[in-house]
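Notes follow in the order I took them.

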Amino acid sequence: MGGGRLNGLVSVVTGACGGIGAAVSRLFTSEGSRVVLVDLNEEAGKILEKEIRSSHGDGSCFFMKTDVSDEEDVKESLRQAVDRFGRVDVVVNNAAVHYIESIFDTTEETWRKTMDTNLKSVYLFCKHAARQMIEKSIQGSIVNVSSIQGIRGGVLSAAYAASKAGIIGLTKALAVELMPFGIRVNAVAPRAIDTPLFRRYLERRGLTDEDVKKRYLFGRLGKPEEVAAAVLFLASPESSYISGEVLVVGGDF
Ligand SMILES: NC(=O)c1ccc[n+]([C@@H]2O[C@H](COP(=O)([O-])OP(=O)(O)OC[C@H]3O[C@@H](n4cnc5c(N)ncnc54)[C@H](O)[C@@H]3O)[C@@H](O)[C@H]2O)c1
């Protein structure tokens with residue numbers, strides 16, 4: 001069981017049903033936060049909600065079907081969070097899509113879908129969550145999930161890498177803009193984490209487990225729980241003097 005590092009806090013986690021999102025949601029509830037599980041995938045959301053409630057009680061979380069790229073949906077999920085849990089202290093912007101394709105195959109539609117899901121969503125959640133934090137004088141923490149690709153790009157990933165670089169710019173700008181209200185904004189930039197999203201990337205690039213050993217600093221893929229631990233640190237009061245940072249998880253080598 002956890003050590004209560006988020007005791008009494010309310011967190012919203014987007015993309016909660018994916019590999020990293022589910023690990024963050026499980027860790028946050030075990031550390032004493034109530035969690036709003038935001039995702040488009042209703043079936044997986046209900047399963048995760050049931051699983052977490054069975055360990056931490058019915059009041060520990062609820063699933064909210066939300067399209068993070070839609071402003072009305074974003075506002076509604078935050079409204080529900082405040083109605084049911086009273087406040088929002090932490091937002092983890094983690095939902096994303098990754099179209100693994102060359103720039104020549106990237107259509108305006110996949111470009112827009114990538115930007116809307118990965119970057120516009122972060123702008124929307126930051127804007128509406130921060131407003132609520134300011135109204136309630138909450139010294140909140142926002143953690144945005146970027147990617148190593150947002151720092152140094154990657155193969156077959158023009159739109160994805162651009163969206164993830166955008167998250168870093170947004171994080172740094174908001175760290176400055178929201179500091180007068182005591183709201184911290186940081187990012188994590190995972191590298192190669194064992195989730196369905198990254199497995200698809202390896203497969204599309206024809207990379208094997210042997211390639212993984214040679215290619216990545218740790219000689220293995222990261223676990224979603226290893227990203228969740230970094231997100232927890234940035235979300236919790238333990239990082240009270242850190243804002244505008246990008247924490248690479250997996251080594252920038
Ligand atoms: N896995 C990695 O190696 C890796 C590396 C760097 C960064 N990341 C980032 O970590 C985050 C989580 O990735 P993951 O590997 O767990 O991916 P994943 O595909 O397992 O999870 C992504 C989740 O986002 C949800 N989602 C997608 N579009 C949505 C929308 N419009 N509204 C609401 N939910 C939506 C999906 O339903 C899914 O549950 C992403 O931001 C990804 O870019 C992952």
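I started with α1 and helix α9 (residues 224-235), whose axes come within 8 Å and cross at roughly 55°. The model is a predicted one. I noted the crossing of α1 and α9 as right-handed.

Next I listed the residues in this contact. From α1 I have Gly19, Ile20, Ala23, Val24, Leu27 and Phe28, and from α9 Pro224, Glu225, Val227, Ala228, Val231 and Leu232. By class, I wrote down ten nonpolar, one polar and one charged for the contact of α1 with α9.

I then turned to α1 and helix α2 (residues 42-56). Their axes come within 10 Å and cross at roughly 20°. The cut-off for roughly parallel is under 35 degrees, and α1 and α2 are therefore roughly parallel to each other. I noted a right-handed crossing for this pair too. On the α1 side I found Ala22, Ser25, Arg26 and Thr29, which meet Leu48, Ile52 and His56 of α2. The residues of the contact of α1 with α2 divide into three nonpolar, three polar and one charged.

Last, I looked up the ligand. I recorded 27 residues around the ligand, the closest being Gly15, Gly18, Ala96, Thr195 and Leu197. The elements giving two or more residues to this shell are α1 (19-30) and α7 (196-204). For the classes in the shell I have 14 nonpolar, eleven polar and two charged residues.

Definitions and conventions:
Residues are numbered from 1 along each chain as its sequence is written. This is a predicted model: local features need pLDDT of at least 70, side-chain atom pairs count only at pLDDT 80 or more; totals for chains, interfaces and linings use all residues. A residue is near a molecule or strand if its C-beta atom, placed from the backbone, lies within 6 Å of it. Helices (H or I, at least four residues) and strands (E, at least two) are DSSP runs, numbered from the N terminus. Ala, Val, Leu, Ile, Met, Phe, Trp, Tyr, Cys and Pro count as nonpolar, Asp, Glu, Lys and Arg as charged, and the others, Gly among them, as polar. Axes are lines fitted to C-alpha atoms, for helices over the stretch in contact, and angles run from 0 to 180 degrees between N-to-C directions. Angles under 35 degrees count as roughly parallel, over 145 as roughly antiparallel, 65 to 115 as roughly perpendicular and the rest as oblique. A crossing is left-handed if the near helix is turned anticlockwise from the far one by less than a right angle, and right-handed if clockwise. Two residues are in contact if their C-beta atoms, placed from the backbone, lie within 7 Å.
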